[in-house]
Structure formats: C-alpha cells, structure tokens
Amino acid sequence: MQTSLFDTEQAGERITLEDATLDFYPEFYASAAANQLSDHLQNATPWRQEQIRIAGLPRLQPRLSAWYGDTEAEYTYSGLHLKPLEWSEELRHIKQAIEQHTGHQFNSVLLNYYRDQEDSMGWHSDDEPELGPQPVIASLSLGGAREFALKHKFRKELRYKIALCNGSLLIMSGDTQSHWQHAIAKEKSPCQARINLTFRQIIAKQS
Ligand SMILES: O=C(O)CCC(=O)C(=O)O
Ligand SMILES: [Fe+2]
C-alpha cells in the first residue's frame, strides 16, 4: 500500500470516565503532516473574532474562529448564528480521514485559533439542540499543545485533564456532552499558536 505524509495512525486509547465516552489518538497525524496542515489553515482561513453575549453583555471571543460545512449546517450558540463557509479541499480531506477512522459522518466543522497563551475557551458543553441527544464530536488539534479540562456537571469531585498535542484526535461521544463540560484555560507561560477543529453533525431543522 502506498504511504503518504497524510496517512493516519489508528493507535489510540479509551479514556474511562463516568458518564463520558472519550477516545484519544495522540498521533492521528504525524507531526510533519500536522505542521503542514496547521500552517495551511493558519494562512488560508478567513479568521474572525466574533462578538458574543455573556449575561446580556457584548464581548469579543478570546480566540479567532471559522465555521465550515454543508449549506444546511447552520449553527447557533452564545447568541451567534453561523452560516457555513464552503468546504476547502484540505478540510474535506481531513473530514474524510476522520469519517473513515471513526465510522461517523460529519457535515460541519468549527475551527478555533488560539493565537497565544491568552486565548482560551470557557466552560461549556456542545449540547445545542441541533447536535442531537448524544452527539459524536471529533476534535483535531494542530500546533502547540494546550490542556483540555473536563468537569462533571453534577458531581463536583469528577474532573479530568488531558494535553491535546499536535496531530491528536479526541472523539467525544455517548453522554459526554449531557454530563460534562469542557474548557481550554489561559496559560501562564507563553505557548505556541494552536488550531483546533471540532467536526460535528448538525441535524437540519424541519421547516
Ligand atoms: O480547542 C479545543 O480543544 C476545544 C474546542 C471546543 O470545545 C469547541 O470547539 O467546542
Ligand atoms: Fe466544545
């Protein structure tokens, strides 16, 4: 079989947490491929710093983002209504590789660009109604590693942290979104820029 820079590595581990299903593939893309994808996405993406509302007040998100997907994959969160950009060839390739690997289909992806240690994402669950009751979310990380923190919504003692390194893939499924929240905190010391891609399946609204 022909091997290429973008061949994916299937070795991974199931992370056992109560009320969550997490599968982690630390080297889904080898570092050379991950670096290439990261450079490409950093330059080719029409990054935006979105304004959202928190407790009714307007705030700029502490990171840049972009939303891609099939035309029907519209997404609403934190008062933002996102219409998808058209898939680029590279994003389509990544999507296909993840679909083949997981056996799940995705019709959209949220890209987040953490420029430095000051960029972050607050506690949340990806539990919007358009994702359905037990969404499968595939999270690919490129560039500098950042810590991904999880906390149980109802049992304060249950917490978990995992470093999402360059080229790694984390699949969240089952009850993860209904029972846990996750976040990327600011870091105290400088860290490399990071791009995260969360592939999702939006269920189109019935009209
Ligand atoms: O950057 C990450 O690893 C987390 C992204 C995330 O939680 C999201 O896009 O909903
Ligand atoms: Fe999330």
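**Entry 1: Gln51**

I began with Gln51, which is exposed at a relative accessible area of 51%; exposed means over 50%, buried under 20%, and partly exposed in between, with a 1.4 Å probe and protein chains only. I am reading a predicted model, where local features need pLDDT of at least 70, side-chain atom pairs count only at pLDDT 80 or more, and totals for chains, interfaces and linings use all residues.

I found Gln51 in strand β3 (residues 51–54); strands are DSSP runs of E with at least two residues, helices are runs of H or I with at least four, and both are numbered from the N terminus. Setting aside residues up to four places away in sequence, Gln51 touches Pro58, Arg59, Leu60 and Leu80, a contact being heavy atoms within 4.5 Å.

**Entry 2: the iron ion**

Which residues coordinate the iron ion (ligand 2)? I see His124 (NE2), Asp126 (OD) and His182 (NE2), at 2.1 to 2.3 Å. Donors are N, O and S atoms within 2.8 Å of the metal (3.2 Å for Na, K and Ca), and the site may look incomplete because water is not among the atoms. I noted the donor spacing in sequence as H-x1-D-x55-H. His124 in strand β9 (residues 121–124) and His182 in strand β14 (residues 180–184) are 58 residues apart, so the pair links distant parts of the chain. His182 counts as buried, at 5% relative accessibility.

**Entry 3: ligand 1**

I looked at the 14 residues around ligand 1, and Tyr114, Asp126, His182, Arg194 and Arg200 come nearest; a residue is near if one of its heavy atoms lies within 4 Å. An oxygen atom of ligand 1 is 3.1 Å from a side-chain N or O atom of His124. For Asn196, I noted 3.3 Å between a side-chain N or O atom and an oxygen atom of ligand 1. Ligand 1 exposes 300 Å² when taken alone, and the protein buries 98% of that.

**Entry 4: the cores**

Which residues touch the most other members of the largest nonpolar core? Of its 29 residues, I listed Tyr29, Ile94, Ile98, Leu111, Leu140, Leu197 and Phe199. Such a core is a set of buried Ala, Val, Leu, Ile, Met, Phe, Trp, Tyr and Cys residues joined through side-chain atoms within 4.5 Å. Another core, of 27 residues, lies apart from this one, and Leu80 is among its members.

Key
Residues numbered from 1 in each chain as written. Chains lettered and ligands numbered in written order. Heavy atoms only, no water. Polar contact = N/O pair within 3.5 Å; in protein donor to acceptor, adjacent residues only side chain to side chain. Areas by Shrake-Rupley, 256 points an atom, 1.4 Å probe, with all protein chains shown as cover.
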